[in-house]
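Me: Could you walk me through the aromatic side chains in this model?

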Amino acid sequence: MKRIGFLSFGHWSPSPYSQARSGSDVLTQSIDLAVAAEELGADGAYFRVHHFANQLASPFPLLAAVGARTRRIEIGTGVIDMRYENPLYMAEDAGSADLISGGRLQLGISRGSPEQVIEGYRYFGYEPGNGGTDADMAREHTRVFLDVLRGEGFAEPNPRPMFANPPGLLRVEPHSPGLRERIWWGAGTRATAEWTAEQGMNLMSSTLLSEDTGVPFHQLQAEQIERFRKAWADAGHSHEPRVSVSRSIFPIVNDLDRAYFGAEGSSQDQVGFLDGGKARFGKTYAGEPDKLVAALAEDEAVAAADTLLLTIPNQLGVDYCAHVLEAVVQDVAPELGWR
């Protein structure tokens with residue numbers, strides 16, 4: 001069995017070919033797609049976070065709305081850029097969204113990806129400490145966020161408060177028990193995956209790794225997962241970790257699918273440069289269901305993960321994205337033993 005969800009980057013564009021032409025369109029369609037995904041038997045609705053772009057940026061109102069409209073599926077992010085976040089305010093927002101959903105929040109966070117603007121986090125009021133980098137700042141924000149999620153008091157109460165306080169130091173509210181174990185880190189390298197395990201976070205790995213050893217993407221990602229699990233065991237955490245991978249998978253079951261994605265049937269890994277270093281990008285899977293079953297059976301990283309996030313072309317609209325999810329869940333997943 002494998003959990004299967006969708007991952008939306010939440011693009012919108014005024015193009016006449018886009019069915020998501022505004023921020024309002026993307027937000028309302030994201031909620032509708034999550035409802036449809038639950039009805040189809042999918043397991044998760046995840047959203048990417050980008051700032052200064054025509055994409056989803058402020059995740060918690062959306063997550064709370066999805067949580068209120070659904071009953072079963074996991075809701076989450078993949079990922080929130082921690083360079084931009086106030087850890088305490090984020091803990092309040094995350095606690096609220098998790099309580100609204102009944103404890104279904106799976107929150108993916110990370111150092112973030114290349115930005116739309118130069119050092120955009122500075123516009124949000126954050127700067128790395130003396131001698132530190134933006135990655136150092138993201139990890140420090142994460143450390144504080146994880147500490148706060150434990151629910152232990154740390155703030156000195158006012159001796160003459162407006163409302164009566166419980167005894168002892170105070171914590172941010174609302175607190176959601178168990179959320180600390182449902183935090184994921186988006187790791188782009190094998191070393192970062194090991195660090196993720198040491199911090200007690202679940203591993204979220206996408207269709208991009210910011211390193212390359214010359215082996216196929218799925219083998220490099222499988223090694224990343226293996227090293228994560230070993231580091232987790234070495235750290236001695238008391239609960240079992242989770243691992244998700246993202247894939248672009250498009251079953252071709254009608255002429256419209258063929259028009260959109262038929263040319264992707266010959267897709268291969270790509271190697272390029274990102275942030276000054278070599279990176280490997282995973283291929284797109286497109287083809288008739290039986291061909292996808294054969295190809296995905298050879299994907300070592302998908303086999304090693306407990307959760308698969310399907311990247312969706314959200315600008316093609318709710319109905320088409322739901323069609324893609326349905327084809328994977330009904331035509332591909334059972335043949336691979338995922339259902």
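Reply: What follows is a short chat about aromatic rings. This is a predicted model, in which local features need pLDDT of at least 70, side-chain atom pairs count only at pLDDT 80 or more, and totals for chains, interfaces and linings use all residues. Residues are numbered from 1 along each chain as its sequence is written, and side-chain values use heavy atoms, with hydrogens and water left out.

Me: How many aromatic pairs does the structure hold?

Reply: The structure holds 11 aromatic pairs, where rings of Phe, Tyr and Trp (its six-membered ring) pair if their centres lie within 6.5 Å, and planes under 30 degrees apart count as stacked, over 60 as edge-to-face and the rest as tilted. One of them joins Phe6 and Phe47 edge-to-face, at 5.7 Å centre to centre and with 80° between the planes.

Me: Which strands do Phe6 and Phe47 lie in?

Reply: Phe6 lies in strand β1 (residues 3–8) and Phe47 in strand β2 (residues 44–47), so the pair ties together parts that are 41 residues apart in sequence; strands are DSSP runs of E with at least two residues, helices are runs of H or I with at least four, and both are numbered from the N terminus.

Me: Are Phe6 and Phe47 buried or exposed?

Reply: Both Phe6 and Phe47 are buried, where buried means under 20% relative accessible area, exposed over 50%, and partly exposed in between (1.4 Å probe, protein chains only).

Me: New topic: where is Tyr123?

Reply: Tyr123 is in the loop between β4 (105–110) and α4 (134–149), and Tyr123 is exposed, with a relative accessible area of 64%. Ring pairs also link Tyr123 into a cluster with Phe52, Tyr84, Tyr121 and Phe124.
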